[in-house]
Amino acid sequence: MTDEEIYRKHADDLVRFATGLVGPFDARDVVADACLAAFRSRNWPAVTNHRAYLYRSVVNHARSHHRSTLRRRVRELRAATPDVAATSDVDVDVLAAVNRLSVQQRAAVVLTYWEDLSPAEVSVRLGISEGTVKQHLARARARLKELLDE
Amino acid sequence: MSDRLDARIRELTFRLIQMSPEAPPFPEETMVQLRPSAPAVTPPKRQPRLAWAMAAVVVLAAIAVPALLLGGPSDDVIDDATTTTLAGTTTTLTTTTVATAIPEPEILGSLFGEPGQTIDITPPDQRRRGVGYTVTPFGSTTPAFWLIAAADGFDGEAQWGPWASGATFPDISITSPGPDTVILPGTATPGEYLVCQTDGSFCWTLQLVESTVRSFSIDTTAAAPIDLAPADVTSTGWGTGEFELGVSETGFGPCCFDVTSDRGLVFLDAQNQRLMHWLPGGGSVFPLATFQPAEFVADAMAVGHDDRIYVLGMSNRPGRPHDLLIIGLDGSVEGPFETVVDSNANLQATADGIYAGNALVDGTQPANGWIPLATSAGAPVPVADQQPVAALPVDDRSLRIEFAVDGTIIAILNPGGDSVPIEYHIPGEYFLAGSFAQNEQSTVVLVLGTSWSADEPTGFLIVRASIEGEAVVSEVYRIAGRSWAEMGPFGTVRLEGSSLFFMSTTSSGTEVARYELPE
């Protein structure tokens, strides 16, 4: 399977995943950068689980991505169009909520609640321990609970 | 509640994913070249999988003999015939001869990390293995580093070191399922490596990336500080009344205060041996608790994230360090619980629990650690587990304050998980009155005193620094100067959300001023 075929197979899922990590504005850039880096890596030929590798690459790129972009854009959206949440495809409140979480917490939440993966499966996908996944999930839930209870 | 919360988080996630854009086209090299900040990149020639395997074989042949002769990971995993064959080929190996001597190692996958990072590695199921590994640059036949893994069944810590003849590995064989933990060599240069069991049975490729501790110097003079006026001031006189604090004759106000989640104020009125709770609406609980000096002399206090009050003080038991009391807002008291704290301390509450830092941590001298006293659930930490930690945990992050030789204050924020630590360097003419990590991944709030002299007013600069792309953005606010002699040294500053509370004592009593940092 060529790189392009691998990319086409996973691109939609990766963009959805990246949206969960950095929001819709930058998801495409993060995925493009992550995939390009993966394909160029000399590790790539030895990779057997392309999907997991690309997911991890997306997380890594999301982490190093402009950390405040999402926060700033939420502010800009609110300032520019106060009723944007009601009229646009961009759900500002959701973005604000996501902004409360670290990238790792977002990754755990998206894979758990969107892809319905168990902590063990999330740990394989992200290359971290199951305990760490549970820790990220617990803290994400605690953060979101604060927000949702407000 | 849990199901309901899960349902709401699921809905939130779905709403988020619904905003997902279409996938971009297959990323070509030209996409990178369009980015002004990215250098033109010539993609490295890909090494076919066989190349990795052959590289691993060569590497293993070169390292196996010293590794084995030095004790190796385990006698159980090496058969004698292999050892004998290798012993005669130490210096004359060729790819061909080695390939026949050593079976192709199993490459389990890829590892990523930064120098010095601790990572988990998962060995093959039930595979008998040692805890020793070699780290060899791709294309080299000589290891550059050795690793010893921490693993179930091995009573030792993860270690690393530069490869040298004579290095030894623990003679142990384990079969625990893992993952094992290794520390990637802290002095390794970024690049691609092979990480292999010393017996050569399996390897990982390792992509070691640039250490990405990001370091920024904050210039507190670059922009005119924005003067902050208090949003409100709560003042009270000296005395033992409901809304009085401290002892006028001595000029001592409350030693410390903190803020409850509903913005109520809690004062440890140590001079009057009592704990005061002022309700946010203006009422008070009078007093919330009292202490008998013959039994307990309180000297530090913090309100935990559970809204319980943690009070540290000395019990009247000679030779015994401070004890901890946990007091509910309803006046209930738990404790005293033993601690290892043996000097005046500064208590800080984080989402991870309650920590005590002695005076050295508070900003006047190099930090030497925080001692955990209670868990996030409010349970006292047993004395045996009260080991100092270098950084103050802040939720899943940590904040460490260091002092450079030139007097520069360095605030090191670890945003959490294995994200990139960020260092903020503050000029040395300031002293640190308080440091906080805000509820954002990469933002710290530092409260800096502008003068240490008792002869001139002490102003305060509040530096809120956060990462914007590759730069640090710092907002500097200024609070009008006060005489340092009028200010208590501990517990004088607290941050609750974006509200900064300053407690000070004046000639007429105590006041708490609330400043709102702009959103």
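H1(A) crosses H7(A) in a right-handed way, meaning that the near helix is turned clockwise from the far one by less than a right angle. This is a predicted model, in which local features need pLDDT of at least 70, side-chain atom pairs count only at pLDDT 80 or more, and totals for chains, interfaces and linings use all residues. Residues are numbered from 1 along each chain as its sequence is written, while chains are lettered from A and ligands numbered from 1 in the order in which they are written.

**The helix pair**
- Helix H1 (residues 3–22) and helix H7 (residues 103–114) of chain A pack at an angle of about 135 degrees, with axes 8 Å apart (axes are lines fitted to C-alpha atoms over the stretch in contact, and angles run from 0 to 180 degrees between N-to-C directions).
- H1(A) is therefore oblique to H7(A) (under 35 degrees is roughly parallel, over 145 roughly antiparallel, 65 to 115 roughly perpendicular, and the rest oblique).
- Residues in the contact include A:Phe17 of H1(A) and A:Trp114 of H7(A) (in contact: C-beta atoms, placed from the backbone, within 7 Å).

**Chain A overall**
- Chain A has 9 helices and 0 strands (DSSP runs: helices H or I of at least four residues, strands E of at least two).

**The sheet in chain B**
- In chain B, 4 strands form an open antiparallel sheet in the order E16-E17-E18-E19 (two strands pair if DSSP finds at least two bridges between them).
- Strands E16 (296–303) and E19 (333–338) of chain B each have a single partner strand, so one side of each lacks a neighbour in the sheet.
- From one strand to the next, the twist averages 25 degrees.
- E16(B) is joined to E17(B) by 7 bridges, and B:Val303 stands opposite B:Ile309 in E17(B).

Terms used:
Two residues are in contact if their C-beta atoms, placed from the backbone, lie within 7 Å.
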